[in-house]
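Dear colleague,

Please find the structure below, with the sequence alongside.

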Amino acid sequence: MKRIVATVICAVVMLGAVIYGALLATGAISQVAASHLAEEAEKRAVAAEMAVGEEGSTPKEWPLRVFLSTSAVSKYASTLKGAKVVFPVGKNDGTGHVDGYVEASIVDVSLVPDDARLRLRLVTDVSYLADKENPWWASATAKATIEALALPQGAAADENGKHGTRFQIIPDSIRVQVGWFDWGAKEVAARLVANLTTIGLGDQLSFLIDPLPFNPEVDLSKPSISEKGLGGGGSTQIATTIHRDPVSLGAKIDQWLITRSGVWLLGGKPPATPVANLPGSLDAQRALLAGKLGPFVTSDTELVVAIDKSVIVGFAEKILGDAIEVSAATQNTNGNITNAQLKDDTLGTYGVVARPTADPFGTVLAVVKKRQVAWTKDGLSIDADVTAKADVKVNVHFDTGIGGGIGKDVDLHADAEAPLHATGKLQEVTVGAVKAVTFQPVLDCAPLTLELQGAPDTAITDIYFQTSPAHLQVVNAIGGGALAPALLVSDLPEILPTGDRIAADGSIVEKDPDRTIVVFPSKYLSVSFSTQGSATSEDGVTVKANVSVTRRDDPPTQKDTDSARKLRADLKDAVPKLECSKEVKVTLDVGGIRVLDIMRVAAAVQRELKAQQQIAEHVWKGLQPPIRGLPPRT
C-alpha cells in the first residue's frame, strides 16, 4: 500500500509538470479556439465524473480508494519548484539539431483541485538556449505566469491499446512580464507565446495517465521451526513448510474523481462510461455535478486509504485457492519419544520404550481446504479443514526383565482430520523508532490427533512371547506461532525517482529536438507517512496519515534497503508468539502380549522369589534329589 500511495503522489507531481510542458510546447492559442476547446473539454470532464459517480455514488461503494486533500496536493506540487521545462524551437533537421530551445525554470507553483478539474498556476523564468541559431537576444530572460486547467476525460486507450485516464489541458492565460525597453526579453517572450503550427494541438494538450497498480504480494513459503518436548524426556524440532507460490492481488486504481476538497483515486469497479451530450449549459451541468459529488467532499486528513472487505476476503480466498499443501518433518531429535519403564532390584528393568530412528523420524503432509472466508467487525475470519497423512519411524523396545528384552524398528502411518480457524486484523505497532500499520494474521490452536497404526509385521515376536502390531497415538496442537504481518503504512521513507528521462549512458536528458523535456530539481523524492489513525469496521479497513515529501539527489543506498528489510524482520519478531503446546503427548500401545508356557513358568518363579524368598528357597531345596554319597541337606 505504501508504494501505491507514494506513486499516487508522484503521479500528481508529474501531472503538474506535464501540464506545464504541454502549455509551453503549444504556445498561445487564439481566444476563440481556446474558449471553444475549454467548454467542450469541461463538458467531457463533467460527463466523465458524472459516470464515475453513477458507478459508485459514495466513497464506500468503491472497493479501493485513495484520497489526497487539497492541502496535500498543493504540498506535493511544490516539489516542482526549481524544475526546468525545455522545449524545442523549430524542426529537427535530421541531425538532432533545431533552431534552439526555450527553457522555463519554475519559480512558484500551485495545483488546486476543483470539481472535475485541477487548476494550475506557474510562475517561471524563461530563457533561450541557442542551438543552430544564436541571436543577439539569446542571453535575455523573461518572467511568465501561466494559468491552466487539467480536465479528466474518462477511461481511454492509446494507439497501442494501453488503457488509462485521459486528461485534457486547457490554457487559461499566459502573462509575460518584461521591461518596456528590454527588447531581448520581448524576443524570448515572443518565442514562448508564438503559435508553433508544426505541433499538433490535440497531441500536446491530451495525455494518458496509467492505472495505479494495487498489487500486494503474500509469500507463505518461508519455513518455520518450533521446539517440542516429548513424553519420554526427549525433544525435537518440527520444521514446517507451506508449499504455495507467492500470490499477488493484481488489482488497480484506475478512475479519478476530482472535487474541491481533494483528489480521489478509485478502483475495484469496471471503467465508467461517460454519458454523451448531457443536457443544459456548462454552468447547469457543473451545478448538477456538484450535487453528485457531495458525498465525496470531505475535510479529512491529508491522506486516506480505504480497502473494502470484499477486496480483503477475495484476496484471502485467492491465497488459499482450492487447497494448500503443508509439510512438516522432525529434526535435531534427542532422547526417547515415550518411556514406560519400571526398575526393580530383583526383576531388573521391564516395560516399553520408543526411540526415534534417524531424523526425520516423523513426517506429515497436510492439505488445508477453506470452508468459509468471511469479514466481521473485528476483521477477517477463516474456517478451514485440515487433512493430514503422517508417517513415523521408531524403534520399539520391550524390556522383559529377563535377558534385557527385545526391540524392533517399526513404520507407523496415520490419517487424521481437524478444523482450523484463522483471523486477520489491522494493528498499529512501533518497532524501534518506526511506527507502522500492519494487517496481522493469527492462526488459532487446534488439537490434531494422529492414530499411528503399524502393519502386521510391526508386532514383536520372540520365542517366548509376541505382541500385537504397534500403535502410537500422537496428540499435538497445530496452528499458533507468529505469522508475518502485511505492512501497509510506516514512517520509514520511501525513495522514488522523480521522473527524469535517463539516457543510455545513465545521464539525465536535459533537451530533446523532438519533444518537451522536464528536468526535475532533484533526482528522487523521499516520501514518508505519519499515521493519524487506523480502523477496522464492518466495511473493511481504513488508514489515515499525513504525508511528507522532500527532495533527494542520492539514489537509494544499501542502508535504505537494509532498513526496509530490517523493518519487515522486526515487525515479524514483534508479533507475540502463540504457544499452542510445549509438549507432544505420545501414547505407545504394544498390547495383546502373549507369553508362551515356559515364559509363564519362569515369570511365576520370579514372582515367588520376590514375594516369599525363604519359602521359595526351601521348596527349591526340597525339589532337588540328594546326591548319592553325600549327606542329606540341612
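Gln255 lies in strand S13, where helices (H or I, at least four residues) and strands (E, at least two) are DSSP runs numbered from the N terminus. Please note that this is a predicted model, in which local features need pLDDT of at least 70 and side-chain atom pairs count only at pLDDT 80 or more, while totals for chains, interfaces and linings use all residues. Residues are numbered from 1 along each chain as its sequence is written, and side-chain values use heavy atoms, with hydrogens and water left out.

Gln255 is buried, its relative accessible area being 5% (buried means under 20% relative accessible area, exposed over 50%, partly exposed in between, with a 1.4 Å probe and protein chains only). Its side chain reaches the backbone oxygen of Pro270 at 3.0 Å. Leaving aside neighbours within four places in sequence, the residues in contact with Gln255 include Val52, Trp62, Thr165, Trp264 and Pro270 (contact means heavy atoms within 4.5 Å).

**The largest cavity**

Gln255 is also one of the residues that lie nearest the centre of the largest cavity, together with Ala48, Val52, Gly154 and Ala155; 14 residues line this cavity. On a 1 Å grid over the protein atoms alone, a cavity is a set of points where a 1.4 Å probe fits but cannot get out, and lining residues have an atom within 4 Å of a point.

Helix H2 (31-55), strand S5 (141-157) and strand S13 (251-259) each supply at least two residues of its lining. H2 gives the largest share, four residues. By class, the lining comprises nine nonpolar, three polar and two charged residues (Ala, Val, Leu, Ile, Met, Phe, Trp, Tyr, Cys and Pro count as nonpolar, Asp, Glu, Lys and Arg as charged, and the others, Gly among them, as polar).

Ala156 is found in strand S5. The C-alpha atoms of Ala156 and Ile209 are separated by 9.6 Å, the two residues being 53 residues apart along the chain. Not counting residues up to four places away in sequence, Ala156 touches Lys162, His163, Gly164, Arg166 and Leu208.

**Strand pairing**

Strand S29 (residues 524-537) pairs with strand S27 (residues 494-497) in the antiparallel sense over four bridges (two strands pair if DSSP finds at least two bridges between them). Here Pro497 stands opposite Tyr524 in S29. S29 also runs antiparallel to strand S30 (residues 540-552), with 13 bridges joining them, and Leu525 stands opposite Arg551 in S30. A hairpin of two residues joins S29 to S30.

**Backbone geometry**

The peptide bond from Asp359 to Pro360 is cis, with omega near -5 degrees; Pro360 lies in the loop between strand S18 (348-356) and strand S19 (362-376). Ala116 has a positive phi, near 65 degrees, and is buried at 1% relative accessibility. Asn332, in strand S16 (residues 324-334), has a positive phi near 50 degrees, and is exposed, with a relative accessible area of 54%.

**The chain as a whole**

The chain has 10 helices and 32 strands, and buried residues make up 43% of its 634 residues.

Yours sincerely

Definitions and conventions: On a 1 Å grid over the protein atoms alone, a cavity is a set of points where a 1.4 Å probe fits but cannot get out, and a pocket is an open set with protein on both sides within 12 Å along at least five of seven lines; lining residues have an atom within 4 Å of a point. A polar contact is a pair of N or O atoms within 3.5 Å; within protein, one must be able to donate a hydrogen and the other to accept it, and residues adjacent in sequence count only if both atoms are side-chain atoms.
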